[in-house]
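Here is a short report on one protein model. Please look at the sequence and the structure first, then read on.

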Amino acid sequence: VTESIEMARLEPGRIRLRPTPCSVRALVDEALGRLHLSLEQRPVQLDLPESLPQVEVDESLIGLVLRQLLGNALRYSEPGT
């Protein structure tokens with residue numbers, strides 16, 4: 001529900017970005033962690049170089065985007081892929 005509210009706020013531009021330096025690995029790990037129940041039968045293999053620089057993003061919103069992308073991938077891909 002919270003994510004749906006956040007998405008609704010994005011559309012009319014009523015949201016204020018709060019960018020901070022973040023680790024890409026930490027952002028992806030957090031998104032995967034929140035989806036762990038959905039991922040029980042779907043192994044995930046990450047190939048992220050350790051040398052990736054930090055990114056300046058709104059951590060909450062980019063997390064929402066990552067969870068939406070991963071959720072869509074789970075929903076619309078065949079098991080085992």
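## A residue of helix α2

Glu 30 is partly exposed, at a relative accessible area of 42%. Partly exposed lies between two cut-offs: buried is under 20% relative accessible area and exposed is over 50%, with a 1.4 Å probe and protein chains only. The model is predicted, so local features need pLDDT of at least 70 and side-chain atom pairs count only at pLDDT 80 or more, while totals for chains, interfaces and linings use all residues. Residues are numbered from 1 along each chain as its sequence is written, and side-chain values use heavy atoms, with hydrogens and water left out.

## Overall layout

The protein has three helices and two strands. From the N terminus on, they run α-β-α-β-α. Helices (H or I, at least four residues) and strands (E, at least two) are DSSP runs, numbered from the N terminus.

Of the 81 residues, 21% count as buried. The accessible surface comes to about 6,300 Å², and 55% of that belongs to carbon and sulfur atoms. Such areas come from the Shrake-Rupley method with a 1.4 Å probe; for residues, only the protein chains shown count as cover. Take the contacts between residues at least 6 apart in sequence: 83% of these join residues at least 24 apart. Contact means heavy atoms within 4.5 Å.

## Helix α2 and its buried side

Leu 27, Val 28, Ala 31 and Leu 32 are buried in α2. They cover an arc of only 130° around the axis, which puts them on the same side of α2. The arc is that of the directions from the helix axis to the C-beta atoms. The cover over these buried residues includes β1 (20-22), β2 and α3.

Ser 23 caps the N-terminal end of α2. Its side-chain oxygen lies 3.3 Å from the backbone nitrogen of Arg 25.

## Two salt bridges

The structure holds two salt bridges. In each, a side-chain nitrogen of Lys or Arg is within 4 Å of a carboxyl oxygen of Asp or Glu. Glu 30 and Arg 34 form one of them, at 3.0 Å from N to O. Both residues lie in helix α2, four residues apart, about one turn of the helix. An α-helix has 3.6 residues a turn, so residues three or four places apart point the same way. Arg 34 is exposed, at 52% relative accessibility.

Glu 50 also forms a salt bridge, with Arg 25; the closest N and O atoms are 3.8 Å apart. Glu 50 lies in the loop between α2 (24-34) and β2 (55-57) and Arg 25 in helix α2, so the pair ties together parts 25 residues apart in sequence. Glu 50 is exposed, at 70%. Arg 25 is partly exposed, at 30%.

## A buried arginine

The side chain of Arg 42 reaches two backbone oxygens: that of Leu 74 at 3.2 Å and that of Glu 78 at 3.1 Å. A polar contact of 2.6 Å also joins the side chains of Arg 42 and Ser 77. A polar contact is a pair of N or O atoms within 3.5 Å; within protein, one must be able to donate a hydrogen and the other to accept it, and residues adjacent in sequence count only if both atoms are side-chain atoms.

Ser 77 lies in the segment after α3 (59-76). Ser 77 is partly exposed, at 27%.
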